[in-house]
Amino acid sequence: MKGYAVRPICRQEAAAGFALAGLRPVVVFSADEACEQLEAACRTPEVGVVLLEDAFYQTLPDRLSALLLRLPLPIVVPFPGPTWVRRPDEAEQYVVELLRRVIGYRVRLK
């Protein structure tokens with residue numbers, strides 16, 4: 001059975017945590033650079049999961065978002081980047097959006 005790599009794409013502030021967990025993060029400094037690295041990960045058959053900092057995920061161009069919907073791998077999972085501000089319900093919003101894409105309509109989680 002073939003194993004797939006996990007590739008974190010994030011700013012320097014989050015990279016240390018991934019490195020401590022044994023992953024090799026790709027450090028980016030802009031949304032454009034994050035898109036380039038995400039496209040590179042999509043062309044790499046060994047990459048099965050991309051952990052993308054949410055600030056970059058939210059700014060993905062439509063063409064790249066559409067490509068990710070068509071590809072079976074990698075699975076792109078946004079994660080919250082470091083911040084001093086509390087961000088409630090973002091994880092739930094992500095799950096709701098993911099379900100909407102899969103089943104074709106919005107659901108409410110209770």
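Tyr 4 lies in the segment before strand 1 (5-10); strands are DSSP runs of E of at least two residues, numbered from the N terminus. At 46% relative accessibility, Tyr 4 counts as partly exposed, the class between buried (under 20% relative accessible area) and exposed (over 50%), with a 1.4 Å probe and protein chains only. Together with Leu 73 and Ile 75, Tyr 4 makes a nonpolar surface patch of about 270 Å². Patches of this kind take residues with over 30% relative accessible area and no salt bridge, nonpolar side chains (Val, Leu, Ile, Met, Phe, Trp, Tyr) being joined within 5 Å. A salt bridge is a side-chain nitrogen of Lys or Arg within 4 Å of a carboxyl oxygen of Asp or Glu.

The model is predicted: local features need pLDDT of at least 70, side-chain atom pairs count only at pLDDT 80 or more, and totals for chains, interfaces and linings use all residues. Residues are numbered from 1 along each chain as its sequence is written, and side-chain values use heavy atoms, without hydrogens and water.

Glu 53 belongs to strand 3 (residues 47-53). Glu 53 is buried, at a relative accessible area of 0%. Its side chain makes a polar contact with that of Arg 11 at 2.4 Å (N or O atoms within 3.5 Å, one able to donate a hydrogen and the other to accept it; residues adjacent in sequence count only if both atoms are side-chain atoms). Beyond four places in sequence, the contacts of Glu 53 (heavy atoms within 4.5 Å) include Ile 9, Cys 10, Ala 14 and Phe 79.

Cys 10 is itself buried, with a relative accessible area of 0%. Cys 35 is buried at 9%. The disulfide count is 0, the criterion being a pair of cysteine sulfur atoms within 2.5 Å.

Methods:
Helix = DSSP H or I, 4+ residues; strand = E, 2+ residues; numbered from the N terminus. Patch = residues over 30% accessible without salt bridge, like charges linked within 9 Å, V, L, I, M, F, W, Y side chains within 5 Å. Areas by Shrake-Rupley, 256 points an atom, 1.4 Å probe, with all protein chains shown as cover.
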